[in-house]
Amino acid sequence: MENIKKPVFGIIVFPGTNCEFDCYHALQNILGAECKFIWHNDKSAAGIDAIVLPGGFSYGDYLRSGAVAKFSPIMEYVRKFADRGKLIIGICNGFQILLEQGMLPGAMLRNNTLKFICKFIHTRVENSRTPFTCNLEKGHIIKIPIRHNEGNYYINEKGLAELEKNNQIILRYCSKDGVVSDEHNPNGAIGSIAGICNKEMNVFGLMPHPEACCENILGSNDGIGIFCSMIRSITGIRKWM
Amino acid sequence: MIKVNVYVTLKKEILDTQGLVIKNAIPQIGFNNVENVRFGKFIQLEIEQRSKSEEDIKKEIEYLCDRLLSNPIIEDFKYEIL
């Protein structure tokens, strides 16, 4: 790996973000990429191959999750980064920020159970032809944790039809055997949607936490598949790990 | 100073689970005639008019409501200038 240029992930940190070190650990220590923290007040960053918007409670989730973070100075750079076709992954609060910013369609509602849910669930890969899932097969089951109070993804009928038509639905909640049903939908999200991407397929938002399942000691290492797909898209290396 | 009350509620087509929980709790207090409960947010603004016209102030309030105080995909807002 010595002669290969490591992909560089820029991890954006807002006041209230709390998953940035887990992302750093997964990407740099486990996967061997290079990570840089980018403070939300910065106007830009240099030498970044992909951006991570990590989980947490930016601005305390005040008003609405992700509602205030969208006005941070760094978000203009994030928007331009996406416009250039570069990769952005928004995890949990990061997904909420992308939705509020309008970089992904739809909105988040409070979990229909009205409870904060913190547990391992399963998701099924619906589209493996994206830079975030290219190392996985369609139908592949990922064991991955969720920790959220506002993960009930909503989009209107017309928007949902667009997502289906454009194959923008990337992950759906399912049973451990891949059955998608109300019983295995932890928060009431429409269509059991756990993750989507934009039409251009370079911006991915998901509620579950891949950075929290890259080591078997934590209960699953299924998160590696998503990050390796991103690294493959950046470096061209099919089997990074 | 202009005082403005802003009310933000979920759109009618969105399931209001908090409203439902409150509605179901009310009979436990002894009232069985509450048919519906909608739960929302109340925000109060104090705005300095300066040299802006009333029309401009209204536009400012509406812009604030649309861009920050509510999420137009899932919420409606209304405001009253006190």
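Which residue follows α3(A), and is its phi positive or negative? The residue is A:Gly102, and its phi is positive, near 85°.

## Ground rules

This is a predicted model, where local features need pLDDT of at least 70, side-chain atom pairs count only at pLDDT 80 or more, and totals for chains, interfaces and linings use all residues. Residues are numbered from 1 along each chain as its sequence is written, while chains are lettered from A and ligands numbered from 1 in the order in which they are written.

Helices (H or I, at least four residues) and strands (E, at least two) are DSSP runs, numbered from the N terminus.

## The open sheet

Chain A has an open sheet of 9 strands with mixed pairing, in the order β2-β1-β3-β4-β11-β10-β9-β6-β7. Strands pair if DSSP finds at least two bridges between them. β2 (34-39) and β7 (141-148) of chain A sit at the edges with a single partner strand each, so one side of each has no neighbour in the sheet. From one strand to the next, the twist averages 25°.

Zooming in, β3(A) and β4(A) run parallel and are joined by 4 bridges. A:Val52 has A:Ile89 of β4(A) as its bridge partner.

## Helix α3, tucked away

Helix α3 (residues 93-101) of chain A is largely enclosed by the rest of the structure, because 9 of its 9 residues are buried. Here, buried means 20 or more other C-beta atoms within 10 Å of the residue's own, with exposed at 12 or fewer, partly exposed in between, and C-beta atoms placed from the backbone. Among the buried ones are A:Phe95, A:Ile97 and A:Leu98.

What do they pack against? The list is β3 (50-53), α2 (74-83), β4 (87-91), β5 (107-109) and β11 (203-206) of chain A.

α5(A) lies across β3, β4 and β7 of chain A, at about 160° to β4(A). Such angles run from 0 to 180 degrees between N-to-C directions, with axes as lines fitted to C-alpha atoms, for helices over the stretch in contact.

A:Ile234 belongs to this helix (residues 223-235) and is buried, with 20 other C-beta atoms within 10 Å. Leaving aside neighbours within four places in sequence, A:Ile234 is in contact (C-beta atoms, placed from the backbone, within 7 Å) with A:Pro7, A:Asp49, A:Ala50 and A:Leu87.

## Where chain B comes in

On the chain B side, 9 residues are in contact with 10 residues of chain A. Helix α1 (residues 17-25) of chain B gives the most to that side, with 3 residues.

Conventions
Two residues are in contact if their C-beta atoms, placed from the backbone, lie within 7 Å.
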